[in-house]
Amino acid sequence: LACHSLGEGKKLGPDLAGVTKRCDGAWLARWLKDPEAMLKTDEHAKAMLKEYNNIPMPNQSLTEAEIRQYIKYFQWYDAQPAGAVKPGATGH
């Protein structure tokens, strides 16, 4: 809650609304699995780190199943018509 929102704007990290339109599923899976490794090699990850005051995404130690569920949820959210899901109504 302190780091991200869905449709309520930036916090310590980016707003996750539209994340699947900005990044493909494979990139998101790699990011969620091992953000430290991505920060060493991926230019987009490095740019986000700089944009967000050098506050790195902590590794959440997510399982492959959890990563798939997060991506599935983000895809569902991003597929909704504009205004269909009200900020804060998703439980996040």
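## Close-up views of the predicted model

**View 1. Asp-15 touches Ser-5, Leu-6, Gly-7, Glu-8, Gly-9, Lys-10 and Arg-22, where residues up to four places away in sequence are not counted.** A contact here means heavy atoms within 4.5 Å. This is a predicted model, in which local features need pLDDT of at least 70 and side-chain atom pairs count only at pLDDT 80 or more, whereas totals for chains, interfaces and linings use all residues. Residues are numbered from 1 along each chain as its sequence is written, and side-chain values use heavy atoms, with hydrogens and water left out. Asp-15 is found in the segment before α1 (19–22); helices are DSSP runs of H or I with at least four residues, numbered from the N terminus. A polar atom of the Asp-15 side chain lies 2.8 Å from the backbone nitrogen of Gly-7 and 3.2 Å from that of Glu-8. Asp-15 is buried but has no salt bridge, and the nearest side chain of opposite charge, Arg-22, is 6.1 Å away. Buried denotes under 20% relative accessible area, exposed over 50%, and partly exposed in between (1.4 Å probe, protein chains only). A salt bridge requires a side-chain nitrogen of Lys or Arg within 4 Å of a carboxyl oxygen of Asp or Glu; for charge, Lys and Arg count as positive and Asp and Glu as negative, with His and the chain ends not counted.

**View 2. Asp-42 is found in the loop between α3 (35–41) and α4 (43–51).** This residue is buried and has no salt bridge; Arg-30, the nearest side chain of opposite charge, is 4.8 Å away. The side chains of Asp-42 and Trp-27 are joined by a polar contact of 3.1 Å (a pair of N or O atoms within 3.5 Å; within protein, one must be able to donate a hydrogen and the other to accept it, and residues adjacent in sequence count only if both atoms are side-chain atoms). The Asp-42 side chain also reaches the backbone nitrogen of His-44, at 3.0 Å.

**View 3. The largest nonpolar core has 18 residues, and Trp-27, Leu-28, Trp-31 and Ala-45 have the most contacts inside it.** Helices α2, α3, α4 and α5 are the elements that give two or more residues to this core. Such a core is a set of buried Ala, Val, Leu, Ile, Met, Phe, Trp, Tyr and Cys residues joined through side-chain atoms within 4.5 Å. With residues up to four places away in sequence left out, Trp-27 touches Met-38, Asp-42, His-44, Ala-45 and Met-48.

**View 4. Tyr-70, Tyr-73, Phe-74 and Trp-76 form one aromatic cluster.** Rings of Phe, Tyr and Trp (its six-membered ring) pair if their centres lie within 6.5 Å; planes under 30 degrees apart count as stacked, over 60 as edge-to-face and the rest as tilted. By this rule the model has four aromatic pairs. The rings of Tyr-70 and Phe-74 form a tilted pair, because their centres are 6.0 Å apart and their planes are at 35 degrees. Both residues, Tyr-70 and Phe-74, lie in helix α5 (residues 64–79), four residues apart, about one turn of the helix. Tyr-70 is partly exposed, at 39% relative accessible area, whereas Phe-74 is buried, at 8%. Tyr-73 and Trp-76 make a stacked aromatic pair, 5.8 Å centre to centre with 25 degrees between the planes. Tyr-73 and Trp-76 likewise lie in α5, three residues apart, about one turn of the helix.
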